[in-house]
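Subject: Structure for you to look at

Hello,

Here is the structure I promised to pass on. Please open it alongside this message and follow the notes below.

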Amino acid sequence: MNNRETDFASPSLLVELRSIVERLALGQLFPKPQPLEVELGCGDASFLAEYARRNPDQNFIGIERLLGRIQKLDRKGRRAGLANLRGVRIESAYFMQYLLPPHAVSALHIYFPDPWPKKKHRRHRLINEGFPALARAALMPGGVVYLRTDDMDYFGQMTEVFGASREFQKIETPAELAEVLTDFEREFNAQGIPTLRAAYQVLLAAGVIWTKTA
Ligand SMILES: C[S@@+](CC[C@H](N)C(=O)[O-])C[C@H]1O[C@@H](n2cnc3c(N)ncnc32)[C@H](O)[C@@H]1O
């Protein structure tokens, strides 16, 4: 049977937005109330489906603007029987600003966002000077932004804007997270292009970092 035609008994994992001006009722999206992590620009969800499978005690939402790609999240998630995964087809910054309830997310994953390499196009980059404030508003105390890219210039911009924010502190990416590769990452790494990675945690107060105990 062709994968595209695979028939699943479980309902779609794609969230049908009833409104684009009201925030999501997160409690109604998942069977279990668990910490929520979001991947912005999840592509074909190679990373997210695998990471959700490895972390059944967390809920995950993938955000992607292309229909064909978000449909892959749906197919992968249903094939794996994942109750903790959902997808939303929407623009990432809009989702963060208008649809996510404040301080609802424990981790944001942003992997290989479009680099817009031409200087005149850089204003289209998702991670710009305004992004740390957007991320801060979405994250709960102790929440973390995980970043990966192949693009040296964009990586410089990412580390500069988060480095300049007094609300985040640089931390290490855990090995068990780094080992789950994205689709683009696998392709870049196969060509010998390394992953540039950084992670920033929301500071609770000056010098105090929240650590996960369970
Ligand atoms: C270079 S791909 C990386 C995909 C995936 N993160 C990976 O590493 O395999 C960037 C993805 O982000 C999506 N994307 C780009 N800009 C977006 C935006 N503003 N909102 C939502 N998705 C976006 C693209 O459609 C694409 O699937």
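I start in a loop. Phe 112 lies in the loop between β4 and α4, the helix of residues 131-138. Its phi is near 55°, which is a positive value in a residue other than glycine. Is Phe 112 buried or exposed? Phe 112 counts as buried because it has 22 C-beta neighbours inside 10 Å, and the cut-off for buried is 20 or more. Trp 116 is placed in the loop between β4 and α4 as well. Trp 116 also has a positive phi, about 45°, although it is not a glycine. With 16 C-beta neighbours inside 10 Å, Trp 116 counts as partly exposed.

Please keep in mind that this is a predicted model.

The chain as a whole

The chain has seven helices and seven strands. Read from the N terminus, the elements run β-α-β-α-β-α-β-α-β-α-β-α-α-β. For 214 residues, a compact globule would have a radius of gyration near 17 Å, and the chain agrees with this because its own value is 17 Å. Taken along the principal axes, the C-alpha atoms fill a box of roughly 50 × 40 × 35 Å. Buried residues make up 34% of the chain. Of the contacts between residues at least 6 apart in sequence, 80% join residues at least 24 apart.

The sheet

In what order do the seven strands lie in the sheet? The order is β3-β2-β1-β4-β5-β7-β6, in an open sheet with mixed pairing. The edge strands are β3 (85-89) and β6 (168-171), and each of them pairs on one side only. Neighbouring strands are turned against each other by 20° on average, with direction ignored.

Going through some of the pairs:

- β1 and β4 run parallel and are joined by four bridges. Glu 39 has His 109 in β4 as its bridge partner.
- β4 and β5 run parallel and are joined by six bridges. Here His 109 stands opposite Tyr 146 in β5.
- β5 (residues 139-149) and β7 (residues 196-202) run antiparallel, with six bridges between them. Val 145 stands opposite Tyr 200 in β7, and the partner of Leu 147 in β7 is Ala 198.
- β6 and β7 pair in the antiparallel sense over four bridges. Ile 171 has Ala 199 in β7 as its bridge partner.

An edge strand residue

Gly 87 lies in strand β3. Gly 87 is buried, with 27 other C-beta atoms within 10 Å. What is Gly 87 in contact with, leaving aside its neighbours within four places in sequence? The list is Leu 13, Leu 14, Val 15, Gly 62, Glu 64, Ile 70, Leu 73 and Asp 74. Of these, Ile 70 is 17 residues from Gly 87 in sequence and 6.5 Å from Gly 87 in space, C-alpha to C-alpha.

Helix α1

Helix α1 (residues 46-54) lies across β1 (36-40), β2 (59-64), β3 and β4 (105-111). The helix runs at about 175° to β2. Which residues of α1 are buried? They are Ser 46, Phe 47, Leu 48, Ala 49, Tyr 51 and Ala 52. These buried residues pack against β1, β2, β3 and β4, and also against the helices α2 (67-79) and α7.

The ligand

There are 19 residues around the ligand, and those that come nearest are Gly 41, Gly 43, Ser 92, Thr 182 and Phe 184. By class, the shell has eight nonpolar, four polar and seven charged residues. β2 and α7 (183-190) each supply at least two residues of the shell. Which element gives the most? It is α7, with three residues.

Regards

Methods. Residues numbered from 1 in each chain as written. Predicted model: local features only at pLDDT ≥ 70, side-chain atom pairs only at ≥ 80, totals over all residues. Pairing = 2+ DSSP bridges. Axes fitted to C-alpha atoms, helices over the stretch in contact; angles between N-to-C directions. Contact = placed C-beta atoms within 7 Å. Near = placed C-beta within 6 Å. Nonpolar A, V, L, I, M, F, W, Y, C, P; charged D, E, K, R; others polar. Rg over C-alpha atoms; globule rule 2.2 N^0.38 Å. Buried ≥ 20, exposed ≤ 12 C-beta atoms within 10 Å, placed from the backbone.
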